[in-house]
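Subject: Structure for you to look through

Hello,

Here is the structure I said I would pass on. Please open it beside this message and follow along; my notes come after it.

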There are 2 protein chains.
Amino acid sequence: MDVAKAIRDRRSVRSYENKDIPQEVLLKVLEAARLAPSANNRQPWKFVVVREAAKRKALAKAAKEQQFVAEAPVVIAAVALEPERTMTCGVPIYAVDLAIAVDHMTLAAVQQGLGSCWIGAFYQEDVKKLLEIPDECKVAALLTLGYPRDQARFKNRKSLDEIVCYEKWC
Amino acid sequence: MDVAKAIRDRRSVRSYENKDIPQEVLLKVLEAARLAPSANNRQPWKFVVVREAAKRKALAKAAKEQQFVAEAPVVIAAVALEPERTMTCGVPIYAVDLAIAVDHMTLAAVQQGLGSCWIGAFYQEDVKKLLEIPDECKVAALLTLGYPRDQARFKNRKSLDEIVCYEKWC
């Protein structure tokens, strides 16, 4: 699938078919994360793939009772190994590196006919405890994956004129 | 171009041909940012496109003398409008939202035959002053764009076994 089309078609999917994701399909999504760039190519990440129903239910609870987290056949916790480092410009490195990897997965998922939802509304300590993630790490995102049950919606976005300036702020 | 191929082919390009980017090509790259998802669809971003040679030179200086910043025909400053907000999980929203938008641009650039380099090593206040960006905003990244002059290199990455765990930390 064309990159531009994947970008157009990607949307947040919060309703999934009761259908498992074959491992070979999942691996294609994870490969997109593996190939992602990171600052100084440190690849400071791990991805914990959760398929067990009881664990997905517990993750849903940790994600402020968002029930679709339990319904998605796969939930991936994107974990930062080095959450303390900062770029010269003042932006935390882990947040950017992990966001790139997760974004790659959302686009690769579209190509595989999968929907995803990027979740930041969860209790950090609860997820870490549940997945036995070491204290020094930080869960940067949860990503649900599954076959969409809902319909595509109109993508409501600002126009280019509203978000692009030339040569200086406008 | 196929998403998976764009992800495989994307690399950091630090040497550019002396060749301008047509505006219609640039707009396709910016469109990829425009369509990016963001927390609560706030689209808390602006993109300042710099083509003027003197400004690119000044940006190169602000980017710790990385000279290829001046050589790239286009430099985009990705600006966060709301740099203070944080998700429940403790991750800063602006860093993730802007990273997604910039990542979309890097992949759309590949499709257009362009190379890019994501830059975090720059002095925040210098770039803001140069582009007349308001105090309350934060420049999340600089992105150079241009036609690559260098050759593709081998992508050195950890194996999936090293970065993926199942059901719990490993």
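Leaving aside its neighbours within four places in sequence, A:Phe68 is in contact with A:Arg14, A:Ser15, A:Tyr16, A:Cys117 and A:Thr144. Please keep in mind that this is a predicted model.

A:Phe68 belongs to helix H4 of chain A, which covers residues 68-71. Is this residue buried, exposed or partly exposed? A:Phe68 has 19 other C-beta atoms within 10 Å, so it counts as partly exposed; a buried residue needs 20 or more. A:Phe68 and A:Pro148 are 80 residues apart in sequence, yet their C-alpha atoms are 11 Å apart in space.

Chain A as a whole

Chain A contains 7 helices and 5 strands. Along the sequence they come in the pattern α-α-β-α-α-β-α-β-α-β-α-β. The C-alpha trace spans about 55 × 40 × 30 Å along its principal axes. For 170 residues, a compact globule would have a radius of gyration near 15 Å, and the 17 Å of chain A agrees with that. Of the 170 residues in chain A, 46% are buried.

What share of the contacts in chain A between residues at least 6 apart in sequence join residues at least 24 apart? The share is 78%.

Two helices that pack, in each chain

Two packed helices are described by the angle between their axes and the distance between the axes. In chain A, the pair to look at is helix H2 (residues 23-34) and helix H5 (residues 93-111), which pack at an angle of about 145° with their axes 7 Å apart. The crossing of H2(A) and H5(A) is right-handed. From H2(A), the residues that take part are A:Lys28, A:Val29, A:Ala32 and A:Ala33, and they meet A:Ala101, A:His104, A:Met105, A:Leu107, A:Ala108 and A:Ala109 of H5(A). Sorted by class, this contact of H2(A) with H5(A) has 8 nonpolar, 1 polar and 1 charged residues.

Now turn to chain B. The axes of H2(B) and H5(B) come within 7 Å and cross at roughly 145°, and the crossing is right-handed. The H2(B) side of the contact is made by B:Lys28, B:Val29, B:Ala32 and B:Ala33, and the H5(B) side by B:Ala101, B:His104, B:Met105, B:Leu107, B:Ala108 and B:Ala109. These residues divide into 8 nonpolar, 1 polar and 1 charged.

Helix H3 of chain B

Which residues of helix H3 (residues 53-62) of chain B are buried? They are B:Leu59, B:Ala60 and B:Ala62. Seen down the axis of H3(B), the buried residues fall within an arc of 160°, so they line one face of the helix. The face turned away from that buried side carries the exposed residues B:Ala53 and B:Ala54. The cover over the buried residues of H3(B) includes strand E1 (45-50), helix H4 (68-71), strand E2 (74-80), helix H6 (124-130) and strand E4 (138-146) of chain B.

Residues with a positive phi

Most residues other than glycine have a negative phi, and most peptide bonds are trans. Some residues here are worth checking against that rule.

- A:Gln43 is not a glycine, but has a positive phi of about 45°. A:Gln43 sits in the loop between H2 and strand E1 (45-50) of chain A, and counts as buried because it has 21 C-beta neighbours inside 10 Å.
- B:Glu132 has a phi near 60°, also positive in a residue other than glycine. B:Glu132 sits in the loop between H6 and E4 of chain B, and is exposed, with 12 other C-beta atoms within 10 Å.

Where the chains meet

How many residues of chain B are in contact with chain A? There are 66, and they touch 66 residues of chain A. On the chain B side, the elements that give two or more residues are helix H1 (3-9), helix H2 (23-34), E1, helix H5 (93-111), E4, helix H7 (160-163) and strand E5 (164-166). H5(B) gives the largest share of that side, 9 residues. By class, the chain B residues that touch chain A divide into 41 nonpolar, 10 polar and 15 charged.

Regards

Methods: Residues are numbered from 1 along each chain as its sequence is written. Chains are lettered from A and ligands numbered from 1 in the order in which they are written. This is a predicted model: local features need pLDDT of at least 70, side-chain atom pairs count only at pLDDT 80 or more; totals for chains, interfaces and linings use all residues. Helices (H or I, at least four residues) and strands (E, at least two) are DSSP runs, numbered from the N terminus. The arc is that of the directions from the helix axis to the C-beta atoms. Two residues are in contact if their C-beta atoms, placed from the backbone, lie within 7 Å. The radius of gyration is taken over C-alpha atoms; the globule rule is 2.2 Å times the number of residues to the power 0.38. Axes are lines fitted to C-alpha atoms, for helices over the stretch in contact, and angles run from 0 to 180 degrees between N-to-C directions. A crossing is left-handed if the near helix is turned anticlockwise from the far one by less than a right angle, and right-handed if clockwise. Ala, Val, Leu, Ile, Met, Phe, Trp, Tyr, Cys and Pro count as nonpolar, Asp, Glu, Lys and Arg as charged, and the others, Gly among them, as polar.
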